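Here is a short tour of one protein model, meant for someone just starting out. Have a look at the sequence and the structure before reading on.

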Amino acid sequence: MSDFVTEIWKKYLLQLQIHPLRTKAITAGVLAGCSDFTAQKISGIKRIQFRRLFLIMIYGFFYSGPFGHFLHKVMDKIFKGKKGNTTVGQKVLLEQLTASPWNNMFFMMYYGLVVEGRSWSLVKSKIKKDYPPVQLTSWKFWPIVNWVNYQYMPLQLRVLFHSLIASCWAIFLNLKAKSTAIKKA
């Protein structure tokens, strides 16, 4: 079994070298789908909502993977050749002040408009209510993840690492939403 996993990993790394953007997009899409499937199962949904699952995968494939690919390339250009804790801290801070607010806002818009099919006025109202606590929670969790990502992950694996953690984060948020709904009931 170990040889099989090693061989798959080698093939994945080769694809990252040959087709980095495509590989990161597919990876983000698949992990987003796995995350949503798991979240749906854990939340007690009797029948998997395949439309929702597909739309979340589309989001990962067309947005999360490519955005992460280009974000990390830009960050490496901005901080070209610089290393050390100060540089890692600056990368984390820059990402948290720019990409993090945008990503959270964009996901909330996508989820409301596309996945749930709500009107712009309803989505805007929900974002107005829910965005501040979502962003504040994000700022408590993601800087640690980003520190590890910039400090220890090679450039080509940063999107994979981020996508793996984002999958777990999405499951956590789904469970948190479910427990909040149960408390209100």
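## Cysteines and helices

Let's start with the sulfurs: counting a disulfide as a pair of cysteine sulfur atoms within 2.5 Å, the total here is zero. Cys34 is in no disulfide, as the nearest cysteine sulfur, that of Cys168, is 11 Å away. Cys168 is in no disulfide either, with the sulfur of Cys34 being the nearest at 11 Å.

This is a predicted model, where local features need pLDDT of at least 70 and side-chain atom pairs count only at pLDDT 80 or more, while totals for chains, interfaces and linings use all residues. Residues are numbered from 1 along each chain as its sequence is written, and side-chain values use heavy atoms, leaving out hydrogens and water.

How open are some of the residues? Buried means under 20% relative accessible area, exposed over 50%, and partly exposed in between (1.4 Å probe, protein chains only).

| Residue | Relative accessibility | Class |
|---|---|---|
| Cys34 | 42% | partly exposed |
| Cys168 | 51% | exposed |
| Gln135 | 3% | buried |

Gln135 sits in helix α6 (residues 120–152). Leaving aside residues up to four places away in sequence, Gln135 touches Ser100, Pro101 and Asn104; contact means heavy atoms within 4.5 Å.

Now for two other helices (DSSP runs of H or I, at least four residues, numbered from the N terminus). The expected span is 1.5 Å times one less than the number of residues. Helix α3 (residues 50–78) has 29 residues and reaches 40 Å from first C-alpha to last, close to the expected 42 Å.
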